[in-house]
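Me: I'd like to go through this protein chain with you. Shall we start with the overall fold and then look at single residues?

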Amino acid sequence: MKKLYLVLAAFAFSLTACQKEAVTNEPLSSNETTHFLPPLMGWSSWNTYHVNISEELIKSQADAMVSTGLKDAGYLYINTDDGFFGWRDETGLMHTHPDRFPRGMKPVADHIHSLGLKAGIYSDAGTNTCGSMGDNDERGIGSGLYGHEQIDLDLYLKEWGFDFIKIDFCGGSELGLDEETQYTNIVNAIHRTGRDDVSINICRWAYPGIWAEKIARSWRMSGDIQDDWGSVKRIIGESLYLSAFAGNGHYNDMDMLEIGRSLTPSEEEVHFGIWCIMSSPLLIGCDMTNIRPSSLELMKNKELIALDQDPLGIQAYVAQRFGDCYVFVKDIEQLHGNARAVAFYNPTEEPFTFNIDLKTLELGGNVKMRDLVHHTDLGDFNGVFSYTVQPHGVLIVRAEAAQRLEADTYEAEWAYLPFYNELGTRRRMINFTPEEQASGGMVVSNIGGQEGNDIIWRNVYSETGGDYEMTIYYTAKNLRTAKTRSLVVSVNGEALPMIDDLTGDDLQALKVNVHLNPGYNTVSMSNPYFWAPDIDRFTLKKN
Ligand code: GLA
């Protein structure tokens, strides 16, 4: 099975492999090197130009990607967003905008390729594009993929030779299309073009559900970013609990960068740094022919780019919350190794001093800290780490500990929820719900009630394996029809007997004994028939 996993992982980017069984339910193993495609890096025309684009403009941005050194820093894609559409002829064939792209899109893609770069294009899953609605671009009416999937994708990917496609959903929403069905139709049409190397972005402005990982290299998880701090902060707030849904070469897309526009230098550090620790795609959104030096330097910051492109391809999770301030952490370089990346994020209007016990970050003994934004060593720390972060600021470090500790707490906010999405399509959807008494301020609610609606931790680590006492913290609030709740705990697919009669509005602690294997284990909590209690976290203590 381990072999199969590695093979699937190596080809996770090809459409054929992406359409196979999701490999993400496999527990991870700490000494495997992965071979995933990293988050995509490049530039996109939308943030600065909206639909006001042209052949000359796109070509000059591609030239600037090379002359600024951004290509050498790892940025590879030049993506033409909405605005190139012209009209469909009687055969259904799409033509480009007569003024903006009078020679069609092939010369654009050819120019980009001649520079050793890759070319991206845009469409909509429905009939009309977003630009036809939000930007009054009437050329976008009837220009989406719906009903023209094969003819459009053959043109864009096979004839013009584009290597990436962002697929929006304004037209899809207008028609009331089912996301999974229509994006699957589209990906099947892409497969039929014979291009198995095309990167796909789902642009549905919300976490779409785990089906997306079989289709796309990335998916947008928020509404559109704007050129202001409030928007950066909002998107970070929406990405707090999505870490379990990224991985294996598939990423949450926090949207195109607003760096080099009107954010302050410190806000730009937050924006770029958090996008990197979250392993978001990095798509520059400013005019690359005229970038102020500090913004250019930040976007070329090698240590932050390495964090984004880290070979493990995982997203940071919330290790600790202090009101509106958060500490994010993720493994880098090696799973369960001694090095981790940590971000101390202060979005508030006052300076904030973080005091964090390094054990919470699973870091033991002497811990060396290096500031990745400013390329400076902060020194060696032991015990509690204290650091003051300025308003709208962040400290991002590579922390290397003498000893990597076993986690003793697993928060519900870190778990994989196969039935979760943010499309608002189901009543009583499994969800992250604020709960004052919960350790991270959140519980996962609406677990169970049916087969598969589970909460799953796929990375429960035990150095040597053995018997543990597991304490599960839950609430059983808002009991409607049933008077109690019940829960099935499984470890590595083996279910313990169902635990019945769970009640209590306040946070409750429930103890069970479990056996863990050495390395990574999968723990799940479910209930195939009834509602399970809301879960805050579980802790482990070795017997
Ligand atoms: C939507 C997308 C944006 C952009 C525009 C184009 O709003 O979310 O990123 O592509 O459409 O019209």
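Me: How many helices and strands does the protein chain have?
Reply: First, the ground rules: this is a predicted model, where local features need pLDDT of at least 70, side-chain atom pairs count only at pLDDT 80 or more, and totals for chains, interfaces and linings use all residues. Residues are numbered from 1 along each chain as its sequence is written, and side-chain values use heavy atoms, with hydrogens and water left out. Helices (H or I, at least four residues) and strands (E, at least two) are DSSP runs, numbered from the N terminus. On that count, the protein chain comes to 14 helices and 29 strands.

Me: What is the radius of gyration of the protein chain?
Reply: The radius is taken over C-alpha atoms, and the globule rule is 2.2 Å times the number of residues to the power 0.38. The C-alpha atoms fill a box of roughly 70 × 55 × 45 Å along the principal axes. For 543 residues, a compact globule would come out near 24 Å, and the protein chain agrees with that, at 24 Å.

Me: What percentage of the residues count as buried?
Reply: Buried means under 20% relative accessible area, exposed over 50%, and partly exposed in between (1.4 Å probe, protein chains only). Of the 543 residues in the protein chain, the buried ones come to 59%.

Me: Among contacts between residues at least 6 apart in sequence, what share joins residues at least 24 apart?
Reply: A contact here means heavy atoms within 4.5 Å. Take the contacts in the protein chain between residues at least 6 apart in sequence; the share joining residues at least 24 apart is 73%.

Me: Is Ser199 buried or exposed?
Reply: Ser199 is found in strand E7 (residues 199-202). Not counting residues up to four places away in sequence, Ser199 touches Leu37, Leu40, Tyr77, Asp163, Phe164, Ile165 and Arg217. Its relative accessible area is 5%, so Ser199 is buried.

Me: Which residues does Lys106 contact, leaving aside neighbours within four places in sequence?
Reply: Lys106 has its place in helix H6 (residues 106-114). At 37% relative accessibility, Lys106 counts as partly exposed. With those neighbours left aside, the contacts of Lys106 are Glu159 and Trp160.

Me: How far apart in space are Pro391 and Phe352?
Reply: Pro391 is in the loop between strand E17 (384-389) and strand E18 (393-404), and counts as partly exposed at 25% relative accessibility. Leaving aside neighbours within four places in sequence, Pro391 is in contact with residues including Glu350 and Pro351. Pro391 and Phe352 are 39 residues apart in sequence, yet their C-alpha to C-alpha distance is 7.4 Å.

Me: What is the phi of Asn446?
Reply: Asn446 is found in the loop between strand E21 (442-445) and strand E22 (455-462). At 14% relative accessibility, Asn446 counts as buried. Its phi is positive although the residue is other than glycine, with a value near 60°.
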